[in-house]
Each structure stands twice: as structure tokens, then as C-alpha cells.
Amino acid sequence: MNRITDFVDGFIPDNIPKKEATLIRAELTCHIMDKADFYKDIGYNDMESIDKAIADFINNFSFKDLSSIRNKPKAIILI
């Protein structure tokens with residue numbers, strides 16, 4: 001979970017309101033944890049499942065997805 005938390009925290013910009021950041025953090029963490037659970041269910045170990053879930057998120061992420069979470073579009077800088 002720490003690896004997921006570190007990834008999500010690094011993904012959320014510092015310049016958004018705390019309440020919105022908390023909601024986005026929860027949504028992204030849940031999404032990645034669900035995907036990691038899927039990989040565990042099909043036989044990957046804990047670390048591999050988290051790595052694959054994060055890689056899937058990075059490869060499939062759309063700024064539109066984040067806008068729908070916040071209900072208004074904003075630019076995000078990925079580091």
C-alpha cells in the first residue's frame with residue numbers, strides 16, 4: 001500500500017484545494033488497489049501486482065478521467 005500511496009501522492013498537484021486532493025487521492029488509490037487485487041487473484045505476488053497496477057494506470061490514464069472526478073477540468077503536470 002505504501003508504494004501506491006507514494007505514487008498517488010506524487011501524482012496529485014500541490015496547488016489544488018485539500019478537500020479535492022483528498023477525494024482524488026481516495027479515488028485513485030481505490031482504482032489502483034482494485035487492479036492490484038485483480039493481478040494477485042491471477043497469480044502475481046504482492047509487489048508485482050502493485051507494479052502492474054501502477055503501470056496500467058499510467059498507460060491508460062486520461063485527463064478526462066481526473067476531470068470527471070473533480071467535475072471541472074484543470075491542467076495537471078505529471079512528474
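**Salt bridges in the predicted model**

Lys35 and Asp56 form a salt bridge in which the closest N and O atoms are 3.8 Å apart, a salt bridge being defined as a side-chain nitrogen of Lys or Arg within 4 Å of a carboxyl oxygen of Asp or Glu. This pair links distant parts of the chain, with Lys35 in helix H2 (residues 18-41) and Asp56 in helix H3, 21 residues apart. Helices (H or I, at least four residues) are DSSP runs numbered from the N terminus. The structure is a predicted model, in which local features need pLDDT of at least 70 and side-chain atom pairs count only at pLDDT 80 or more, whereas totals for chains, interfaces and linings use all residues. Residues are numbered from 1 along each chain as its sequence is written, and side-chain values use heavy atoms, with hydrogens and water left out.

Relative accessible area was classed as buried (under 20%), exposed (over 50%) or partly exposed (in between), with a 1.4 Å probe and protein chains only. Asp56 is buried at 17% relative accessibility, while Lys35 is partly exposed at 30%.

The structure contains five salt bridges. One of them joins the side chains of Asp51 and Arg3, at 2.7 Å from N to O. These partners also lie in distant parts of the chain, 48 residues apart: Asp51 belongs to helix H3 (residues 46-60) and Arg3 to helix H1 (residues 2-11). Asp51 is partly exposed at 31% relative accessibility, as is Arg3 at 39%.

A further salt bridge connects Asp46 with Lys40, whose closest N and O atoms are 3.7 Å apart. Through salt bridges with shared partners, Asp37, Lys40 and Asp46 are joined into one network. Within this network, Lys40 is partly exposed, its relative accessible area being 35%.

Terms used
Helix = DSSP H or I, 4+ residues; strand = E, 2+ residues; numbered from the N terminus.
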